[in-house]
Each structure stands twice: as structure tokens, then as C-alpha cells.
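Q: Please take a close look at a single part of the model shown below, the packing around one side chain. Please then relate that part to the rest of the chain.

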Amino acid sequence: MSSNETFNPFNEASNKLLLDELCIFISNNLERNIGWTELVAQSKLSHTQLQFLFNKHLHTTPMTYIRRQREDRQKLTYEDRVKYQALVAK
């Protein structure tokens with residue numbers, strides 16, 4: 001992440017940019033076991049600041065966000081296989 005500055009819960013633009021960068025990092029690493037230690041290191045925020053950021057902007061926790069992203073990716077992969085099999089069967 002690009003932030004070395006102190007976290008400011010009232011700086012919406014900076015917080016949104018940080019969250020977007022963190023979500024891209026998560027998306028690019030869903031196959032890995034991403035935990036709190038890695039999220040804190042990647043974002044340079046504390047556990048509490050990460051909780052605040054995700055709750056405020058995404059209305060969820062970071063770990064729930066990661067789990068849902070994995071589920072969505074898995075569902076999409078399954079749906080693509082079903083569509084492909086239906087096309088091949090015709």
C-alpha cells in the first residue's frame with residue numbers, strides 16, 4: 001500500500017483509495033491464506049483501523065469480505081463449467 005501517513009477516519013478520499021488497493025490485493029491473492037498479520041502489514045493499519053475501514057465502506061469485516069470473495073469466485077467458476085457443459089451437450 002502507498003500509505004505511510006497516519007490513519008485519519010475522516011479523510012474519505014484517502015480511506016477509499018486505501019480500501020480499493022487492499023481489495024485489489026485480496027482479489028489477486030484469494031488462493032493464498034490471507035490473515036490478519038498480512039492485512040495489517042499490507043495496509044500499514046492496525047487491526048482496529050482495518051475493522052473500521054471495512055465496516056464503514058463495505059459493511060462487513062475483512063475476514064468476511066475475503067470469505068465472500070472466495071465463495072463468489074468459486075460460484076462463478078462452477079456456473080461457467082455448467083454453462084460450458086450445456087453448450088457442449090447441444
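A: **Core packing and its surroundings**

Leaving aside neighbours within four places in sequence, Leu-39 is in contact with Leu-22, Ile-26, Ile-34, Leu-50, Pro-62, Met-63 and Ile-66, where contact means heavy atoms within 4.5 Å. This is a predicted model, in which local features need pLDDT of at least 70 and side-chain atom pairs count only at pLDDT 80 or more, while totals for chains, interfaces and linings use all residues. Residues are numbered from 1 along each chain as its sequence is written, and side-chain values use heavy atoms, with hydrogens and water left out.

Leu-39 also belongs to the largest nonpolar core, which has 16 residues; together with Leu-22, Ile-26 and Phe-54, Leu-39 touches the most other members. Such a core is a set of buried Ala, Val, Leu, Ile, Met, Phe, Trp, Tyr and Cys residues joined through side-chain atoms within 4.5 Å. Buried here means under 20% relative accessible area, exposed means over 50%, and partly exposed covers the range in between, with a 1.4 Å probe and protein chains only. At least two residues of this core come from each of α1 (12–28), α3 and α4. Helix α1 makes the largest contribution, 6 residues. In soluble globular proteins, nonpolar side chains tend to be buried together.

Leu-30 also touches Ile-66, one of the partners of Leu-39. Leu-30 is found in the loop between α1 and α2 and is buried, with a relative accessible area of 7%. Residues up to four places away in sequence aside, Leu-30 touches Gln-69, Arg-70 and Arg-73 as well as Ile-66. Leu-30 and Ile-66 are 36 residues apart along the chain, yet their C-alpha atoms are separated by 7.4 Å.

Thr-37, in helix α2, counts as exposed at 68% relative accessibility. The C-alpha atoms of Thr-37 and His-47 lie 8.7 Å apart, with a sequence separation of 10 residues.

Two loop residues other than glycine have positive phi values. Lys-44, in the loop between α2 (36–43) and α3 (47–58), has phi near 60° and is partly exposed at 46% relative accessibility. His-59, in the loop between α3 and α4 (62–89), has phi near 55° and is exposed, with a relative accessible area of 67%.

The setting for these details is a chain with 4 helices and 0 strands, in the order α-α-α-α from the N terminus. Its radius of gyration is 17 Å, well over the 12 Å that the globule rule gives for 90 residues, so the chain is more spread out than a compact globule. That radius is taken over C-alpha atoms, and the rule is 2.2 Å times the number of residues to the power 0.38. Helices (H or I, at least four residues) and strands (E, at least two) are DSSP runs, numbered from the N terminus. The C-alpha trace spans about 60 × 25 × 20 Å along its principal axes.

Of the 90 residues, 26% count as buried. Among contacts between residues at least 6 apart in sequence, 54% join residues at least 24 apart. The chain exposes about 6,200 Å², and carbon and sulfur atoms supply 55% of that area, as computed by the Shrake-Rupley method with a 1.4 Å probe; for residues, only the protein chains shown count as cover.
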